[in-house]
Each structure stands twice: as C-alpha cells, then as structure tokens.
Amino acid sequence: MYDSEPRITRHGQENVQQTPQNKKLTQSHGPYDMKSDHSAAFAHYDKILTHSRIRARNQGPNVCALQQVMGTKKKYFSTCRNWYQQAICGKKATVLYECCPGYMKMDNEIGCPAVAPIDHVYGTLGIVGATSTQQYCDKSMLREEIEGRGSFTFFAPSNDAWDQLDSEIHRNLLDNVNIELYNALHHHMLNKRMLTKDLKNGLTLVSMYNRQKLLINHYPNGVVTVNCARIIHGNQIATNGVVHVVDRVLTAVGNTIRDIIETEEDLSSFKDSAITSGVMNILGRPGHYTVFVPTNEAFARLPRGVLGRIKGDRVASEALVKFHILNTVQCSEAITGGAVYETLEGNTVEVGCDGESLTVNGVRMVKRKDIVASNGVIHLIDQVLIPDSAKQVIELGGAQQTTFIDLMAQLGLASSLRPEGQYTLLVPLNGAFSDDTLRLDQRLLRTILQNHIIKVKIGLNELYNGQELETIGGKLLRVFVYRTIINPAEKTLHEMLRNDKRFSIFLSLVKAADLDDVLSRPGQWTLFVPTNDAFKGLTADDKDILIRDKNALRNILLYHLIQGVFIGSGFEPGVTNILKTIQGGKLFLKTVNDTLLVNKLKSRESDLMATNGVIHVIDKLLYPAELPVGNDQLLTILEKLIKYISIKFVRDSTFKEIPLTFYKINIIESNVQPVITKEDQSITQLTKLIEGEPEFKVVREGETVTKVIHGEPIIKTYTKIIDGRPVEVTEKKVTEERIIQGPEIKYTRITAGGADNEEKLKKILQEEVTKVTKFIEGDGHLLEDEEIKRLLQGAGTEYTKVTKVIEGEPQVIEREFKKVHLEG
C-alpha cells in the first residue's frame with residue numbers, strides 16, 4: 001500500500017507520485033529535496049494528515065477526512081482517539097471530506113485528482129481562501145513584495161480570524177494601512193520558506209517586522225501553533241515560498257510572563273504569592289511555561305483564613321504558586337481532549353476542554369485563554385488550585401470523607417491540631433460510619449476519632465507490616481489498610497478468647513496443649529478461632545482422648561495459627577493467598593465480596609484486633625488435608641467435627657512433636673545466673689522457707705528460659721545531617737546470643753513441721769500428695785500452683801512449698817545484632 005522509498009512531494013505532507021508541476025518546482029527550489037521530505041514523514045502534522053487520507057480513501061484520490069465540531073466552524077485533522085469518540089472537546093463532531101492541501105476537484109471526476117495551480121504568495125492567498133489577507137496586502141502595498149523574488153513563509157489569517165479580531169484593533173489597522181497594517185502583515189511573515197515539518201516544537205522564529213518573535217509549538221496530536229494561533233491549512237506551496245492559514249491574527253510578543261503578571265492589577269494576589277515564595281524570578285527567565293493565573297476574585301473566594309495562612313508560610317506559598325505552572329507551553333487550540341501534566345510543584349493537573357472552554361481537573365474555570373508571552377502562555381482562571389502540600393492535614397479529605405471531617409470540626413478535634421504540628425490522619429470513608437456509631441456519646445465518639453490521628457507525619461511508603469503508631473489519644477495502632485473505623489486493640493489474643501463464651505471449648509483445648517502462654521505474650525499472630533458450634537457432637541470422653549494425645553492436639557491447634565498479622569481487608573479481592581501455619585501446613589485465604597474465606601470456609605467475623613495479633617472467627621475446625629491420622633479413635637472424633645474434607649488414615653502414623661521454641665521468649669538483660677529464679681507471689685501467705693533465703697522461679701513443665709550473652713560492643717562515630725545541621729552520631733553495635741537454659745523440669749515439695757502435720761497434710765492432699773513428693777522419680781505429673789493453693793487453704797502456716805529447677809545443657813538458638821544510636 002505504501003512505497004518503500006520516499007517520493008518527492010510538492011506540498012511536503014506525504015509520499016505521492018511526482019507530477020509535472022511539483023517536478024518543475026523541485027528543479028527550481030533546491031532545498032526541497034528527498035532528504036527533507038523523508039524527515040517530513042516523522043512530523044506530527046504530516047502523520048495526522050496521512051491518517052486523514054487513509055480514512056477518506058473510499059472517497060477518491062487525494063481526499064482527506066476532517067472532523068467539524070457541531071455548531072462551530074472549527075475543523076480538525078483528527079487523532080485516532082477523537083475520531084473513534086466522534087467528538088472533540090466533549091462536543092459531537094461530524095465528518096467532512098475535503099481535498100487535501102495542494103489538491104483540487106475536477107468536474108465529473110471523483111476525489112481531488114488535480115494539483116492546485118502554483119502561484120506566487122499573493123496568488124496562493126486566494127487559492128487557500130484567505131481573501132481578506134490578500135485584500136489587506138493590496139491596501140498596504142505589500143502585494144508587490146510577495147509577488148516578487150524571494151522565499152517567504154506567510155502565516156495568513158483566515159477570513160474568520162479577521163472578523164474575530166477586536167474591533168478597535170481592526171479599525172486602527174485599517175485607518176493606517178501604510179504603517180500599522182503593513183507592519184502587522186509583515187509580523188505574519190518569515191524571510192524563508194518553512195514547511196510544517198520544519199516548525200519544531202519550542203522553536204522561536206524572527207518575523208519580518210522589527211525582528212519580533214514568533215513562538216512555534218508542534219504537538220503530538222498534529223496541531224501546530226504560531227503564538228498560539230493554529231495552522232488550519234498548511235503547506236500550500238507558492239513559487240516564492242509557502243502559505244499556512246492560521247485561525248487568528250497574530251499579536252506582537254515582547255513581555256515575559258513576569259512582566260504581564262506585574263502589570264495586571266487583577267492578578268495582584270497571585271503576584272504577591274509569587275514574590276513571597278521567590279517563584280516570580282523563574283517566570284522572568286527564558287523558558288516554555290504555561291501558567292494558570294487565578295484572578296484576585298478567585299483568591300477572595302478562598303475560605304476565611306486560608307489565604308492568610310498560605311501567604312504567611314513560605315513553603316506553602318511556593319507550593320501553591322508552582323502548582324499553577326507547567327514546564328511546557330499548552331495553547332488552548334492544541335487541547336482537543338484531556339491530558340495530565342506535571343506542575344513545577346511536582347504533582348499533576350489534568351488539562352482538558354469542554355466545547356470552547358478549557359478545564360483544569362475537570363472544572364471549567366478558564367476566563368481568558370492564550371495570553372502569549374516571550375517565555376510561554378498565561379490562562380486566567382477563576383479558582384485557586386491548592387496542592388496537598390500547601391494544605392493542612394484536615395483539608396486533605398475528599399468528597400468521600402466528609403463525615404469524618406465534619407465530626408472532627410464538631411468535636412473540636414480540628415482546632416486542636418497545631419498548625420506547626422505533624423500529623424497523619426487515617427480517614428474512613430463516609431459509609432464506614434453507621435447510624436449506631438453516629439449516635440454514640442460525643443465523648444466516646446471523640447475518643448474513637450482521636451484513634452485515627454497519628455502523632456507524626458508518615459507517608460504511605462514509610463509504612464511497613466506490623467508497624468506500631470501512637471495516636472493523639474495515647475493508643476498504639478498496627479499499620480494496616482481499613483475500610484472501617486479503627487478501634488485500637490486493648491487485649492491480648494488469650495484475653496479476647498477468655499472474655500468471649502463462644503470460644504470456651506477452643507480455649508480449653510489451647511490450655512490443655514500448653515499454648516495459652518503463646519497467646520498471652522507479645523507477638524504478631526493471626527489466629528483462626530472456631531466457635532463452640534464447630535465442636536458440636538464432641539463428648540467429654542472424646543475431649544479426653546483428644547487431650548491425652550498432646551502432639552495430635554498441638555498439630556490441630558497450631559494449624560489455626562500463623563506468624564504475622566494478616567487482616568482480611570488487606571488481601572487483594574479474588575486472589576488466593578497461601579500462608580504457612582505454625583504446624584507447617586498451608587492455609588488458603590481469599591476475600592470474595594468483602595468476606596474472608598479460609599480453605600473455602602467463610603469467616604463469620606474477621607479482623608478482631610488484639611495487642612499481639614488478629615482473630616478471624618470461623619464455625620468449623622480446620623485440619624490440614626495432607627496430614628494422616630493413625631488412630632481409630634482419633635479418626636472417629638475428627639470425622640464427627642470435620643465433614644468438609646476427607647481425612648487420610650494411615651495406621652500407626654503419629655503426629656510430629658512441635659516444641660514451643662517457635663515463639664520468642666522475653667529477653668532478660670542483666671547479669672544472668674545459671675538458674676533464673678523468682679518467688680511465686682501467689683502463695684506467699686502459705687509459704688514458710690526452711691532453707692535459708694533461696695530465690696525461686698515457678699516454671700511450667702517443658703518451659704524454657706532464655707539467657708542472653710552480650711558480645712563486645714563495636715562503636716562507630718559519623719556525622720549525620722539532621723534538620724539542616726551536622727550532628728555527630730555514635731553507633732554502638734552489640735552481638736547477642738540467645739541461649740535456652742533447658743530442658744527444665746519443675747518439681748514441687750511440700751513439707752510439714754512434724755509427723756502429725758505430715759499425716760494431716762497427706763489427708764488434705766489425698767492421692768495427689770504422693771505425686772508431688774515423688775520429685776523427679778515419678779511420672780512427672782505435677783499439680784498446678786492454683787491447685788496446691790486450693791488444697792492448702794486452711795491447713796495452717798506450718799507447711800512449706802518449695803519449687804526447684806533442674807537444668808539441662810544450654811542450647812544456642814539464635815544470634816542477634818543490636819544497634820544503638822547515641823546522637824551528639
């Protein structure tokens with residue numbers, strides 16, 4: 001369809017076969033060669049024109065398809081987006097078919113088979129329909145010049161452009177045709193021929209009048225502008241140059257953007273902010289800027305106190321002014337749809353159009369367009385654009401967070417935020433506030449809202465999983481994404497289970513497996529908790545069988561526990577997340593319609609936050625499908641409770657032992673002795689020490705104690721810049737080795753002062769006393785401290801309970817490096 005080699009063209013737009021006319025032109029005008037035509041294929045204007053020819057190929061040769069905005073005379077060689085949207089600037093556009101520039105119709109033939117006649121520049125003005133410009137060339141005595149020898153480029157205003165010119169300016173030109181009109185027409189001319197391919201974006205040319213500047217912009221959508229006037233018919237070749245028809249009369253450009261702002265009284269508020277912030281100097285330098293300048297009326301409409309606050313804050317003032325400046329020139333005629341541009345402030349604005357009006361961020365706010373300066377263009381707007389960086393934190397809420405913002409004001413929290421303070425707001429959407437929440441006592445509601453205000457300013461990229469942040473209410477929040485109101489955790493996982501009767505059976509099994517301590521200690525856990533409904537059909541005998549096999553019980557319970565805090569609203573909807581449990585098996589989590597699924601089972605209630613993790617409530621007992629059972633009794637029990645999967649049975653298979661070393665013990669940093677002991681305060685009234693002053697620690701069976709050994713510290717000193725000043729920082733690096741002192745076995749001995757008392761004691765303790773006094777030769781079953789206390793109540797003070805610890809060989813479990821910064 002396309003020739004592989006570029007062909008010489010007479011109108012500089014696309015590759016067509018040579019005609020006798022353009023061949024003659026090529027011979028007489030050396031600069032128009034194949035090399036320059038090859039570069040034309042890469043000019044935006046020429047590319048768009050080529051697409052227009054393709055769209056009109058069924059209309060005959062050399063026909064171009066254009067779009068005309070309904071209700072106007074505006075026509076465009078359109079981009080693909082505008083073409084398929086059948087609209088320009090949001091307005092419906094009809095399709096027109098016209099001869100491509102440089103061609104003309106012939107009677108009784110389809111399309112535009114004839115090449116337009118080649119004439120001098122004056123004659124070419126008539127060919128392209130710029131008859132008003134042609135007439136004014138006659139009146140101003142310019143005709144002789146543009147009919148004669150030379151090589152000119154004439155940016156000729158269309159007839160409509162002259163009609164739209166300010167009537168007073170138009171009259172002044174016609175009243176002084178020999179000087180004013182002559183000079184104005186010369187201002188539209190270059191003393192050399194330049195096709196659209198030569199009109200590069202950002203190019204500054206010198207006109208034939210007083211070396212006045214002509215600012216060229218060549219946009220990706222094919223629009224080419226001269227001082228923001230759009231070329232609507234380009235590249236009409238003449239014997240002594242080329243004619244481009246433009247849609248407005250060009251005005252002289254001499255002042256910078258700074259000059260214009262400083263001389264316009266209605267822009268004094270913006271001028272003051274630009275001077276205060278130091279940005280005005282930028283607008284006086286050479287460059288290519290677009291400035292959306294709010295009028296004084298726009299500044300006057302700002303909320304009371306906002307303008308004064310911004311003007312008094314140099315940083316906020318600079319951010320505000322720079323948010324109105326683009327580092328590119330965006331003439332209004334080049335904007336045929338919405339596009340996003342980066343401002344000097346760093347954030348972006350969307351510039352678009354709605355019919356004849358320009359829009360900024362979707363709002364029609366431009367009062368006056370295309371005030372052309374030597375270093376860019378100004379558009380006057382009737383609203384002030386305030387970037388987030390110039391706002392106070394309470395002003396950042398959008399239309400979907402108005403409930404929170406209004407409550408902040410009503411409850412006095414907004415005014416309590418100090419202007420010089422640094423805060424982070426965690427703002428729920430309006431839908432998060434139920435009617436019940438809004439009816440709460442105002443003091444309680446104020447407390448809830450305080451939990452959404454972090455004491456420090458922290459960006460999204462500074463957050464990490466499990467991070468704790470303090471609110472102005474003094475509570476600690478873990479960092480997660482919520483769609484609901486945040487309630488700070490007050491209780492541990494164990495306390496939450498203990499305080500909710502729905503979890504009593506699960507909690508009793510946790511206690512039997514010696515896992516209640518795990519759920520009580522500080523940490524970060526995700527726990528899937530079955531309600532009592534999950535244990536329907538479980539008899540007391542069944543429970544005893546389950547408890548007796550501690551390995552089996554731990555495997556089942558620890559399949560419900562995951563290291564780390566994972567909240568349901570933090571998962572990407574519809575995506576399966578595979579998480580490893582402490583037991584070693586895998587859980588499959590997915591959110592569907594805001595419901596958390598665990599192994600395809602629905603969570604009845606999710607995201608119950610604890611100080612050491614999160615709980616997701618389920619109504620079925622979880623079990624790893626790949627884990628076999630080797631005991632008939634246990635299989636029968638599990639099949640009663642678990643019906644959603646088939647449990648594997650492999651006779652005599654056993655459950656692996658899971659030691660309790662998977663969670664970290666609190667580090668004791670002191671001069672640690674081989675035996676760490678602590679007096680049991682719970683039975684001090686019943687204790688009578690008979691062996692000097694020993695110290696004791698009550699240790700549960702199988703529990704271990706961690707000892708920390710510190711290595712030699714390594715100290716480094718360096719300089720760090722803090723708040724703009726150098727500070728000498730000393731860094732101390734310490735190696736720690738954590739050692740388990742174990743395994744440790746607890747045994748308890750209770751003694752009495754005489755034989756009678758001993759018999760009395762045995763009677764009190766009944767059968768259990770023999771196990772207590774067997775020390776470590778027995779079966780290791782020991783009474784809990786609470787049981788001993790209960791049995792000894794009322795037995796007198798002559799009995800003594802002594803707890804001892806027997807240690808095994810210590811074992812190193814991990815090594816840790818700590819850094820301590822001591823700033824000078």
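Author: Quick convention before we start: two strands pair if DSSP finds at least two bridges between them, and strands (E, at least two residues) and helices (H or I, at least four) are DSSP runs numbered from the N terminus. This is a predicted model, where local features need pLDDT of at least 70, side-chain atom pairs count only at pLDDT 80 or more, and totals for chains, interfaces and linings use all residues. Residues are numbered from 1 along each chain as its sequence is written, and side-chain values use heavy atoms, leaving out hydrogens and water.

Reader: OK, in β10, which residue is the bridge partner of Val206?

Author: Lys213. Strands β9 and β10 (residues 213-218) pair antiparallel over three bridges.

Reader: And what order do the seven strands of the open sheet come in?

Author: β8-β7-β13-β12-β11-β10-β9, with mixed pairing. The edges are β8 (189-190) and β9 (204-206), each pairing on one side only.

Reader: Switching to rings: how many aromatic pairs does a search of the whole structure find?

Author: Three. Ring centres of Phe, Tyr or Trp (its six-membered ring) must lie within 6.5 Å; planes under 30 degrees apart are stacked, over 60 edge-to-face, the rest tilted. One of the pairs is Tyr136 with Trp162, edge-to-face at 4.7 Å centre to centre and 80° between the planes.

Reader: What does that pair tie together?

Author: Tyr136 is in helix α6 (residues 131-139) and Trp162 in helix α8 (residues 159-164), so the pair links parts 26 residues apart in sequence.

Reader: Is Trp162 buried or exposed?

Author: Buried, at 1% relative accessibility. The cut-offs are under 20% relative accessible area for buried, over 50% for exposed and partly exposed in between (1.4 Å probe, protein chains only). Tyr136 is buried too, at 8%.
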